[in-house]
Amino acid sequence: MQQENFVPTTNSVMDIYAESKIPGQIKRYRDLFQEFKTIYGFDPEFVARSPGRVNIIGEHIDYAGFPVLPMAVDRDCLIAVATTKLDSKVRLANVNPKFTRAEFSFVDKERIVDIDDTVHEWTNYFKAGYKGMLESLKLDAPVGMFCLMDGSVPSGAGMSSSSALVCTSSIATMIANKKCLSKNDIVQIAIASERYVGTNGGGMDQTASIMSHADAATFIEFHPKFITTPVHFPATLPAISFVVANTMVVADKVVSAPVCYNLRVVETKVAAMILANKLGLLSERPQTLKEVMDLFFAGSEEPKYATVTERWIFRLGRMLELVEQFITQHDGYSLAEMAEAAGLSEDEIHARFMSKYPVRADVFHIYARAIHVYSEALRVVQFRDVCERNQDTVEDSQVVLHQLGRLMNESQVSCRDNYHCSCKELDDLTLICRKAGAYGSRLTGAGWGGCTVSMVPEDQEQEFIQRVKDEYFRPRFPDYTEEQLSNVIFSSRPSSGAFIYRKRTAINPYGG
Ligand code: NG1
């Protein structure tokens, strides 16, 4: 396998971060090494690193099998690690004193470690990555680990701090035990691992965290094959800049899962069942709205497409028509009604979709969720298409910027009205961002709080940030210092994915 299929190892932070961030990162790594030594009395052997992400477009469609377009950010999770062969214990500490220290022992090859997902502790995410990796490595006696974590991804903000931690812990466990799996394998392990912590998530975050490239977003396809393709932003004048702004509404996805995240997953899966039933595809056992689409077109006449984008556009347009035709109850379905529409019994619906991850609802909004999924998938492929058609030369930058911005704004409207995953603060902040000069602004990540992402002209980025600070943040958080504000609204360039860092020499520890 080629080198690029493995998580790269470096001894220079310059390989990981953009130039402007190097001085701050050198200090951060130095502090991490020092604190490790203070806590444990010896040096770490390596640091595993995996970043958070911001999703540019494609919300809540990864678990329906459709492509998404996130980019990694330079805020990340670091875990410094030293190992011992004397035991199989894991010691966990965090540079942030808010997160208490913990210790746990490897149980055995089957159980690995117990995770109590009713208790919401940061260490559960570490354990999830550790358990997933060791299940795959099948070791009788993994090494003991001494770990110190430093996370800079804001938590509960829709920037995937949890996945960054799960990915970092998987990589840390793999390297500690001197194994070397491919990035693809680590992604699949991290996706499965995170489900130990209570949400039935898709695979966008873990993929973005591990596979991203420093100068591009990543188009991630899940079905029928897992493929990642870097997508560069168009060469517009002015250039495009993305600004992330945090509403400061903390959305705990795990706590709200039965009525928010996991419920949405169930609603999209039942939508797939209803369509499959109406289209005579139930016997093929499709699991997602994407699989229903593929099965439907496998058996039908199609026009000759000039491009792959044309095929996506035709197919998704047709699926939207089929939703209108067959999912007719716009104000929702009761359990009995959706079972009948899907041609299944209530018990079957329960057993297949609601037993592993419990959900609570009287009314299931199947129509609105299906419209969101197919229309959002369409916006993702259109966004990619605009980017790719304007790679090197752009005839009219304003046209391109407005096209991309419009797609982001439409995504926000659909998240708000069809998917009901926005909230008042997200609606207010995206509006303020558009008024302050963003071409497009939308929630990013699961929603119900957390962050927005706005596409702004690079030459007006600072002015934009000032205006949003004045209009959203200062009135609501008058006591915030400039430093605090710089952590709630900041510009974000596409950053590299996962890395393993090792010190070079005692004399020049930070490389470069
Ligand atoms: P965040 O924002 O990290 O909670 C979640 C899911 C993604 C995706 C988005 C919505 C996990 C780990 N992440 O992201 O897979 O479904 O919501 O687009 O479940």
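Reader: Hi! Which residues touch the most other members of the largest nonpolar core?
Author: Phe-66, Tyr-130, Met-145, Ile-327, Tyr-374 and Phe-383 do, in a core of 140 residues. A nonpolar core here is a set of buried Ala, Val, Leu, Ile, Met, Phe, Trp, Tyr and Cys residues joined through side-chain atoms within 4.5 Å. Buried means under 20% relative accessible area, with a 1.4 Å probe and protein chains only.

Reader: And which helix gives the most to this core?
Author: Helix 12, residues 366-389, with 13 residues. Helices are DSSP runs of H or I with at least four residues, strands are E runs of at least two, and both are numbered from the N terminus.

Reader: Thanks! What should I know about the model itself?
Author: This is a predicted model, where local features need pLDDT of at least 70, side-chain atom pairs count only at pLDDT 80 or more, and totals for chains, interfaces and linings use all residues. Residues are numbered from 1 along each chain as its sequence is written, and side-chain values use heavy atoms, leaving out hydrogens and water.

Reader: Back to Ile-327: what is it in contact with, beyond its neighbours within four places in sequence?
Author: Ala-271, Ile-274, Leu-275, Leu-322, Tyr-333, Ile-366, Tyr-367 and Ala-370. Contact means heavy atoms within 4.5 Å.

Reader: Which residues does the second, separate core include?
Author: Among its 18 residues are Tyr-29, Leu-32, Ala-93 and Phe-146.

Reader: New topic: is helix 8 mostly covered or mostly uncovered?
Author: Mostly covered: seven of the ten residues in helix 8 (289-298) are buried. They are Leu-289, Lys-290, Val-292, Met-293, Asp-294, Phe-296 and Phe-297.

Reader: What do those buried residues pack against?
Author: Helix 7 (261-278), helix 9 (308-326) and helix 12.

Reader: Nice. Where is Cys-433, then?
Author: Cys-433 is in helix 14, which covers residues 424-435.

Reader: Why does Cys-433 count as buried?
Author: Because its relative accessibility is 1%. Apart from neighbours within four places in sequence, Cys-433 is in contact with Ala-438, Ser-441, Ser-454, Phe-464 and Val-468. Met-455, 22 residues from Cys-433 in sequence, is 9.2 Å from it in space, C-alpha to C-alpha.

Reader: Last one, the whole chain: how many helices and strands?
Author: There are 16 helices and 13 strands. The radius of gyration is 23 Å, close to the 24 Å from the globule rule for 512 residues, so the chain is as compact as a globular protein of that length. That radius is taken over C-alpha atoms, and the rule is 2.2 Å times the number of residues to the power 0.38. Of the 512 residues, 58% count as buried.

Definitions and conventions: Buried < 20%, exposed > 50% of the residue type's maximum accessible area, 1.4 Å probe, protein only.
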